[in-house]
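Open the model in a viewer with the sequence panel beside it. The stops below can be selected in order.

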Amino acid sequence: MLVGQPASGRVLQCRDMVAEILEHLAPGWPREGSSKPEERARQRDMRFRTLASAALVSKLFSELALDVLWRVLDDIDVLLELFPSLKEHQHYGSTIRVLDEVTPEHWARFQQYARRVRALRSADSVPRVHASVWTLLESLCKGKPLLPNLRRLKMGLYVQNPAGFMLLVSPSLQNLEMTFYHGSVKSYRVAYSEQHVAPAAGILLQLILSKVPNLCTLSVEDGLEGLAPRHLKSLTLLKELQNLNLLFSGVSVDFATIHELSHGRPLRSLDLALGTGFAKNRTAAPFGDAFRNLRTISLSGHSKDLVCFFDAATLDSLTEAYLTVADAPDVATWRGRLSSILAEVPKSIKLFHFFFEKKLSPPMQHLAYLFEPCLSFPNITAFEVELSTNTPHASDADLFKFAYAWPKLEFFSVQYEVIALQPRASIRTPRQVQPTLASLISFAQLCPSLFNLYLPAIDVTQVPSKDSVPLVRHSALRNLQFSKGLHRGATANLLDVAVIIDMLFPKIDTTRSVVLTEQTPSSIPRPPPSDNRATPWGLTRVLLAAMQARREQEEP
């Protein structure tokens with residue numbers, strides 16, 4: 001039958017080949033925090049349009065294109081609009097959607113598309129649908145899930161009116177991201193409101209977890225403040241769980257709950273906030289083997305509680321550690337506790353991230369001294385520190401130690417408070433040491449794979465001679481940022497600064513547009529102040545862009 005047809009015609013009549021082609025148009029689940037969101041949104045819209053057009057080509061194309069087109073939905077309202085009788089009504093000044101009737105034909109059509117849905121990115125439209133609609137749909141489902149093949153769900157659940165959200169929870173779910181909203185209850189400024197709401201959220205959490213036996217990833221972003229530990233015991237029922245994130249949920253986890261989790265299914269990632277007094281309630285028994293396969297861990301708590309967790313856990317496979325220190329230990333105490341934590345970490349670890357909520361005492365210490373125990377881990381590829389209100393010294397010698405210890409480094413970011421230049425009346429105030437261009441030379445020479453380098457500032461009080469700077473031409477670095485700009489940049493020769501940076505990092509990303517007055521719509525985020533072209537660092541970036549443009553013109 002296909003003899004004599006061109007190859008393209010035969011391909012388009014082969015179901016498997018058509019399915020493979022259309023798969024490349026699948027919009028997918030957008031990555032959070034991805035760069036160029038507007039461009040990604042435009043490409044996603046174009047894919048939707050292409051799939052919609054493909055669905056009109058033939059019966060074969062229609063079935064396969066619709067499967068891909070309906071796989072990921074932005075919101076549940078897209079599906080509800082398949083009912084012709086869905087109408088909008090005004091209710092106390094707001095618009096609410098109501099169903100007049102659902103015929104067997106309408107229900108069959110709805111199910112046909114509902115079976116295609118694999119991921120739901122939002123359930124924000126649920127509160128705008130009348131509660132009777134969810135009651136009707138639940139009746140029509142007859143105990144079966146509304147979205148029988150749903151694999152991934154992200155929703156903000158209103159605790160006071162959960163019916164619509166609960167109907168979206170399907171036994172087929174593998175990835176669930178939730179936020180619990182407490183509605184008008186949280187607006188009442190009474191001390192007991194949290195205590196009344198927390199048990200309601202806990203009950204709903206237990207009901208949801210009882211319906212998702214195949215869940216692999218669970219993330220709760222907010223709304224569990226004041227939750228009693230007993231409500232978390234249902235986590236042990238999830239026999240397929242691999243990734244658990246409760247870090248920002250508002251719940252503080254006690255030692256007993258984590259101990260029980262450690263005897264469950266082996267986990268790959270664990271994000272938790274340790275409760276106050278975590279170390280005090282520790283039992284003699286160490287954690288179970290469920291943490292042996294952990295690749296990523298993110299913990300928040302008092303520094304001594306962090307020590308307690310690592311001491312009780314066996315973390316043979318750990319590659320990434322994100323630690324938030326909630327207390328304010330003195331520097332000597334911090335170094336001792338950091339050493340205790342790192343003693344339980346495998347040498348193969350690749351990433352350290354530290355965030356300090358409070359100020360260390362004394363606040364002005366050398367950066368390398370604060371994190372010296374980390375330097376003995378040779379495989380580090382990413383290091384990030386956020387020191388909040390701290391004002392450490394970050395000398396060239398400090399940064400050299402990091403660059404020398406970690407030759408595989410790809411990402412380096414240190415953020416801290418930069419002390420403004422003091423007037424002469426305050427000349428006795430200790431001056432904070434900032435890195436100079438020499439630090440950039442160290443990273444360029446010692447870290448050939450470095451891709452991102454973020455520092456608060458670079459001191460350009462003294463700019464070395466261009467002849468004294470090695471022509472490194474580091475080829476990997478793309479992102480170079482100084483959040484507070486160039487220290488004393490107003491009096492520096494910025495052309496010399498730009499030439500030196502270009503000699504070291506000729507391929508960093510720069511803005512290839514220079515206009516005196518830029519029209520920026522209010523909806524588009526403006527660049528950070530340090531990137532403003534009117535600042536020394538902003539002007540330096542313009543000079544770097546000019547050098548790169550000239551070089552590109554000269555290259556064959």
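Start with Leu272, which stands opposite Leu299 of strand S10. This is a predicted model in which local features need pLDDT of at least 70 and side-chain atom pairs count only at pLDDT 80 or more, while totals for chains, interfaces and linings use all residues. Residues are numbered from 1 along each chain as its sequence is written, and side-chain values use heavy atoms, with hydrogens and water left out.

Select residues 269–273, strand S9, together with S10: the two pair in the parallel sense over 5 bridges. Strands (E, at least two residues) and helices (H or I, at least four) are DSSP runs numbered from the N terminus, and strands pair if DSSP finds at least two bridges between them.

Of its 6 residues, 6 are buried, so the strand is largely enclosed by the rest of the structure. Buried means under 20% relative accessible area (1.4 Å probe, protein chains only). Thr296, Ser298 and Ser300 point one way, and Ile297, Leu299 and Gly301 the other.

Move to helices H14 (residues 396–405) and H15 (residues 437–446), which pack at about 10° with axes 9 Å apart. That makes H14 roughly parallel to H15, a label for angles under 35 degrees. Show Asp396, Leu399, Phe400, Ala403 and Tyr404 of H14 against Ala438, Ser439, Ser442, Phe443 and Leu446 of H15, which make the contact (heavy atoms within 4.5 Å).

Finally, zoom out: the chain has 17 helices and 18 strands.

Terms used:
Axes fitted to C-alpha atoms, helices over the stretch in contact; angles between N-to-C directions. Parallel < 35°, antiparallel > 145°, perpendicular 65-115°, else oblique. Buried < 20%, exposed > 50% of the residue type's maximum accessible area, 1.4 Å probe, protein only.
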